[in-house]
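Here is a quick walk through one model, from its pocket to its core and on to a few residues. Have the structure open while you read.

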Amino acid sequence: AAGAGLALLATCGPGAAGALAAAHAAGLDPAATTQDDDPAALAGWLRERLRPGDVLLVKGSRGMRMERLVEALR
């Protein structure tokens with residue numbers, strides 16, 4: 001995430017803790033990241049930070065049902 005130039009990283013679920021730690025180790029500012037198991041909480045965090053024209057990538061397994069995050073952001 002840090003190497004790709006991402007401005008923000010929001011991770012969901014216990015399986016994403018490693019990705020968050022790796023992003024911090026690679027230099028992504030911890031203030032620009034969050035971790036939560038609740039997609040609605042992530043949506044609130046993102047809503048406060050996303051601006052018109054921003055691009056959001058939602059990536060997750062079917063088991064994590066990340067479509068809940070997409071719906072919460074609509």
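This is a predicted model: local features need pLDDT of at least 70, side-chain atom pairs count only at pLDDT 80 or more; totals for chains, interfaces and linings use all residues.

Numbering starts from 1 along each chain as its sequence is written, and side-chain values use heavy atoms, with hydrogens and water left out.

**The pocket**

The largest pocket has a volume of about 750 Å³. A pocket here is an open set of points on a 1 Å grid over the protein atoms alone, where a 1.4 Å probe fits, with protein on both sides within 12 Å along at least five of seven lines; lining residues have an atom within 4 Å of a point. The volume is the space filled by probe spheres set on the points, which are joined across faces, edges and corners. There are 30 lining residues, and Leu 6, Leu 8, Leu 9, Ala 10 and Leu 57 are the closest to the centre. Two or more lining residues come from each of β1 (9–12), α1 (17–25) and α2 (39–49), with β1 giving the largest share, four residues. Helices (H or I, at least four residues) and strands (E, at least two) are DSSP runs, numbered from the N terminus.

What is the lining made of: nonpolar, polar or charged residues? It divides into 23 nonpolar, five polar and two charged. In this count Ala, Val, Leu, Ile, Met, Phe, Trp, Tyr, Cys and Pro are nonpolar, Asp, Glu, Lys and Arg are charged, and the others, Gly among them, are polar.

**The core**

The largest nonpolar core has seven residues: Cys 12, Leu 42, Ala 43, Trp 45, Leu 46, Met 66 and Leu 69. Such a core is a set of buried Ala, Val, Leu, Ile, Met, Phe, Trp, Tyr and Cys residues joined through side-chain atoms within 4.5 Å. Its largest share, four residues, comes from α2. Leaving aside neighbours within four places in sequence, Leu 69 is in contact (heavy atoms within 4.5 Å) with Pro 39, Leu 42, Ala 43, Leu 46 and Val 58.

**Single residues**

Burial goes by relative accessible area: buried is under 20%, exposed over 50% and partly exposed in between (1.4 Å probe, protein chains only).

| Residue | Relative accessible area | Class |
|---|---|---|
| Thr 11 | 6% | buried |
| Thr 33 | 10% | buried |
| Ala 1 | 41% | partly exposed |
| Arg 65 | 42% | partly exposed |
| Leu 57 | 74% | exposed |

Thr 33 sits in strand β2 (residues 33–36). Its side chain makes a polar contact with that of His 24 (2.7 Å), and a polar atom of the Thr 33 side chain lies 2.9 Å from the backbone oxygen of Pro 30. A polar contact is a pair of N or O atoms within 3.5 Å; within protein, one must be able to donate a hydrogen and the other to accept it, and residues adjacent in sequence count only if both atoms are side-chain atoms.

Thr 11 belongs to strand β1. Beyond four places in sequence, Thr 11 is in contact with residues including Thr 34, Gln 35 and Asp 36.

Arg 65 is in the loop between α2 and α3 (67–73), and its phi is near 50°, a positive value. Most residues other than glycine have a negative phi. Leu 57 is found in the loop between α2 and α3 too.
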